[in-house]
Amino acid sequence: MPNYTTVTEFLLTGFSDVWEFRVLHTMLFSIMYLATLTGNLLIVTVITVDQRLHTPMYFFILNLSFWDMCYISVTVPKACVIFLLNNRVISLVGCAAQIFLVFLCASAELLLLTIMARDRYVAICQPLHYHVIMTPRVCVQMTLASVLSGLVYAGVHTGNTFHLSFCRSNVVHQFFCDIPSLLKLSCSDTLINEIVIFASTMIVGGGCFSFIIMSYIHIFSTVLKFPTRGERRKAFSTCIPHILIVLIFFGSGAAVYLKPTSNSPLIQDMIISVFYSIVPPFLNPVIYTLRNKQIKEALRRVMRRTLTYFRKTIIIATHSYLDCRS
């Protein structure tokens with residue numbers, strides 16, 4: 001029998017051991033992280049404050065922004081610690097928690113993107129029934145269903161992964177804990193795990209992707225029948241940002257989870273992981289604010305109100321100070 005030692009902690013991996021590159025990677029990840037938090041927090045604030053944006057579409061965008069902030073916060077802060085301080089250690093419990101949260105956030109986003117495709121389909125293809133179908137209660141129920149489904153999905157995959165024994169090595173060739181990297185370290189038979197991952201990705205991911213594609217086929221066929229170019233442009237402007245995020249998210253995620261774990265070049269997997277764990281949360285606020293006229297106008301209104309509030313506060317404080325001096 002081989003003399004294996006049970007793993008109690010893991011060592012995560014950076015992109016490079018060269019100090020200058022580690023500093024550069026830390027700066028890039030930190031900038032993307034702060035920009036993501038700022039952009040998504042602005043979207044959440046603007047949609048919450050502006051009554052004109054209290055519609056189903058913006059309700060889902062608000063929820064997507066919330067999950068974006070959670071998603072990127074699970075991986076990037078720890079990655080920056082690895083790059084800058086070379087503190088690569090993560091406990092077994094910490095690794096399990098990271099996998100659970102990554103799967104929760106990713107599956108919740110996946111289901112939200114699918115719900116958003118449904119929302120656009122009803123708004124464009126069935127406009128007269130939109131407010132009957134997409135009621136506030138239905139929107140909340142669909143959002144809660146996506147979260148509960150994400151909890152179940154994350155729990156199943158985390159439980160299946162940490163039911164295995166890890167005794168070969170404790171070096172995870174990834175900047176965060178993910179299942180394909182951990183399966184390579186297991187001394188248990190991982191065939192069932194690989195089948196479950198492949199099957200669930202095909203069923204859940206493939207099902208959502210097929211639903212989104214079918215929704216947009218109907219949407220585009222309807223939009224092309226619109227009589228004026230302005231109406232077509234307005235419809236496309238609400239759909240194209242969603243399609244871009246879907247393609248990046250699904251494409252990069254499928255590239256990691258649909259291929260055999262033994263045939264994965266390490267640096268290639270790490271780069272692809274950036275595209276499904278960091279790039280979508282980073283791009284969401286950019287796409288939805290730069291291409292969305294309503295959000296840009298709402299942002300200007302909120303900024304004007306904020307500046308007016310601070311101006312009045314300064315004037316009142318100044319008058320109070322002058323009254324006290326006199």
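Me: In the lining of the second largest pocket, how many residues are nonpolar, how many polar and how many charged?

Reply: That lining has 15 nonpolar residues, six polar ones and no charged ones. The sorting rule puts Ala, Val, Leu, Ile, Met, Phe, Trp, Tyr, Cys and Pro under nonpolar, Asp, Glu, Lys and Arg under charged, and the others, Gly among them, under polar. Keep in mind that you're looking at a predicted model, where local features need pLDDT of at least 70 and side-chain atom pairs count only at pLDDT 80 or more, while totals for chains, interfaces and linings use all residues. Residues are numbered from 1 along each chain as its sequence is written, and side-chain values use heavy atoms, leaving out hydrogens and water.

Me: What volume does the second largest pocket have, and which residues are the closest to its centre?

Reply: Start with the idea. On a 1 Å grid over the protein atoms alone, a pocket is an open set of points with protein on both sides within 12 Å along at least five of seven lines; a cavity is a set where a 1.4 Å probe fits but cannot get out; lining residues have an atom within 4 Å of a point. Points are joined across faces, edges and corners, and the volume is the space filled by probe spheres set on them. Here, the second largest pocket comes to about 430 Å³. It is lined by 21 residues, and Leu-110, Thr-201, Phe-249, Gly-253 and Tyr-257 are the closest to its centre. The elements giving two or more residues to this lining are α3 (92-125), α7 (191-223) and α8 (229-257), with α7 supplying the largest share, seven residues.

Me: How many helices and strands are there in the protein chain?

Reply: Helices (H or I, at least four residues) and strands (E, at least two) are DSSP runs, numbered from the N terminus. This chain has eleven helices and two strands, in the order β-α-α-β-α-α-α-α-α-α-α-α-α along the sequence. Its C-alpha atoms fill a box of roughly 80 × 65 × 35 Å along the principal axes.

Me: What share of the residues is buried?

Reply: Buried means under 20% relative accessible area, exposed means over 50%, and partly exposed is in between (1.4 Å probe, protein chains only). Of the 326 residues in the chain, 43% are buried. Contact means heavy atoms within 4.5 Å. Not counting residues up to four places away in sequence, Gln-174 touches Leu-12, Thr-13, Ser-181, Asp-269, Met-270 and Ser-273.

Me: Which residues have the most contacts inside the largest nonpolar core?

Reply: A nonpolar core is a set of buried Ala, Val, Leu, Ile, Met, Phe, Trp, Tyr and Cys residues joined through side-chain atoms within 4.5 Å. The largest one has 79 residues, and Phe-10, Phe-29, Ile-61, Leu-113, Phe-175 and Leu-182 have the most contacts inside it. The most residues come from α3, which gives 17. As for Leu-113, leaving aside neighbours within four places in sequence, its contacts are Leu-64, Ile-212, His-242, Ile-245, Val-246 and Phe-249.

Me: Which cysteines does a disulfide join?

Reply: A disulfide is a covalent bond between the sulfur atoms of two cysteines. The rule for calling one is a pair of cysteine sulfur atoms within 2.5 Å. That gives one disulfide here, joining Cys-95 to Cys-177 with an S to S distance of 2.1 Å. The pair links distant parts of the chain, 82 residues apart: Cys-95 is in helix α3, and Cys-177 is in the loop between α5 (136-162) and α6 (179-183). Both Cys-95 and Cys-177 are buried. The torsion about their S-S bond is about -120°, so this disulfide is left-handed. Cys-208, by contrast, is in no disulfide, and the nearest cysteine sulfur, that of Cys-105, is 16 Å away. With a relative accessible area of 8%, Cys-208 is buried.

Me: How many cavities of 30 Å³ or more does a search of the whole structure find?

Reply: Two. The second largest cavity has a volume of about 30 Å³ and is lined by His-157, Asn-160, Thr-161, Ile-179, Asn-193 and Ile-197. Its lining takes two or more residues from each of α5 and α7, and α5 gives the largest share, three residues. By class, this lining has two nonpolar, four polar and no charged residues.

Me: What is the phi of Asn-86?

Reply: Most residues other than glycine have a negative phi. Asn-86 is not a glycine, yet its phi is positive, about 60°. You'll find Asn-86 in the loop between α2 (56-85) and β2 (89-91). Its relative accessible area is 42%, so Asn-86 is partly exposed.
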